[in-house]
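Subject: Handover of a structure

Dear colleague,

Please find the structure below, together with its sequence. My notes on what was found follow it.

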Amino acid sequence: MKNAKPVLIFSLPLLLTACGGGGGSSSPALDPINNYNNVKPVIVDTYDPVEGAITNNDIYAKDLNGSGAEEVVIAGRSSQSFDMNTDNITDWQDYKMQIFGWNTGDFDNETTSWFRNDENVIPGSEPSVHFADFDGDGHTDMSVAHGVDMEFYGPSHVYFNTGNSSFEKTLINHDDTWSHDSAVGDFNDDGLDDFLIGSCSGNM
């Protein structure tokens, strides 16, 4: 599928905006549904999730730290622009997940707070991201099922919430599983949420 490369215009930096309105702090916030003609988008940040490749993104909203305000999690993968008939995947580019939130009082990019070092870098996800309390500590954890647009296996990720607006990553290795989806639930009735990884190749 090399002929997909001319479509690289879709890999332009992802743009995240917030809605602004009113003339000052005493002005009421505008309802963007009923006042869309008066809402002025404000650029919050731009970033390159995968540089130089076609990307598929999905956006999730979840209150990760119990503040009453939802964080925004952006995850995704690069689409198939490599040769599926060879084992050469040296030009594969990992995806850089992002988290935006309100910890500073303004809506801002909080990726470096939530993730240590490069723990936000994943091979890709279909995307399939779920939020649950996997270890029973009362904090919202995050699972990210591995998935790319080719037969390229890799680990899935579980991010355990420390309770301090940060995650600690654990890898789930499944080298024989081409995961394309996942599900979360208490499958064994022990009071803890579990993480089920589905597979396009028949393994689970």
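**Findings**

Ser165 is found in the loop between strand E11 (156-161) and strand E12 (167-172). Helices (H or I, at least four residues) and strands (E, at least two) are DSSP runs, numbered from the N terminus. Although Ser165 is not a glycine, its phi is positive, at about 55 degrees. Ser165 counts as buried because its relative accessibility is 14%; buried means under 20% relative accessible area, exposed over 50%, and partly exposed in between (1.4 Å probe, protein chains only).

Please note that this is a predicted model, in which local features need pLDDT of at least 70 and side-chain atom pairs count only at pLDDT 80 or more, while totals for chains, interfaces and linings use all residues. Residues are numbered from 1 along each chain as its sequence is written, and side-chain values use heavy atoms, with hydrogens and water left out.

A second residue with a positive phi is Asn117, at about 50 degrees, and it is not a glycine either. Asn117 sits in the loop between helix H1 (111-114) and E8. Is Asn117 buried or exposed? With 79% relative accessibility, Asn117 counts as exposed. Another loop, between strand E8 (121-122) and strand E9 (129-132), holds Pro127. The peptide bond that joins Glu126 and Pro127 is cis, with omega about 5 degrees.

**The protein as a whole**

The secondary structure comprises 1 helix and 14 strands. Of the 204 residues in the protein, 39% are buried. The protein exposes about 11000 Å², of which carbon and sulfur atoms supply 49%; accessible areas come from the Shrake-Rupley method with a 1.4 Å probe, and for residues only the protein chains shown count as cover.

**An open sheet**

Four strands form an open sheet in the order E3-E4-E6-E7, with antiparallel pairing. Strand E3 (55-62) and strand E7 (108-109) are at the edges; each has a single partner strand, so one side of each lacks a neighbour in the sheet. Two strands pair if DSSP finds at least two bridges between them. Between E3 and strand E4 (residues 71-78) there are 8 bridges, in the antiparallel sense. Within this pair, Ala61 stands opposite Val72 in E4.

Strand E6 (residues 98-101) includes Gln98, which counts as buried because its relative accessibility is 8%. Which side chain makes a polar contact with the side chain of Gln98? The partner is Asn109, at 3.0 Å. A polar contact is a pair of N or O atoms within 3.5 Å; within protein, one must be able to donate a hydrogen and the other to accept it, and residues adjacent in sequence count only if both atoms are side-chain atoms.

**A buried methionine**

Met142 belongs to strand E10 (residues 141-144) and, at 0% relative accessibility, counts as buried. Leaving aside neighbours within four places in sequence, Met142 is in contact (heavy atoms within 4.5 Å) with residues including Val73, Phe115, His157 and Phe167. Met142 and Phe195 are 53 residues apart in sequence, and their C-alpha atoms are 10.0 Å apart in space.

Leu196, in strand E14 (residues 194-199), counts as partly exposed, with 34% relative accessibility.

Yours sincerely
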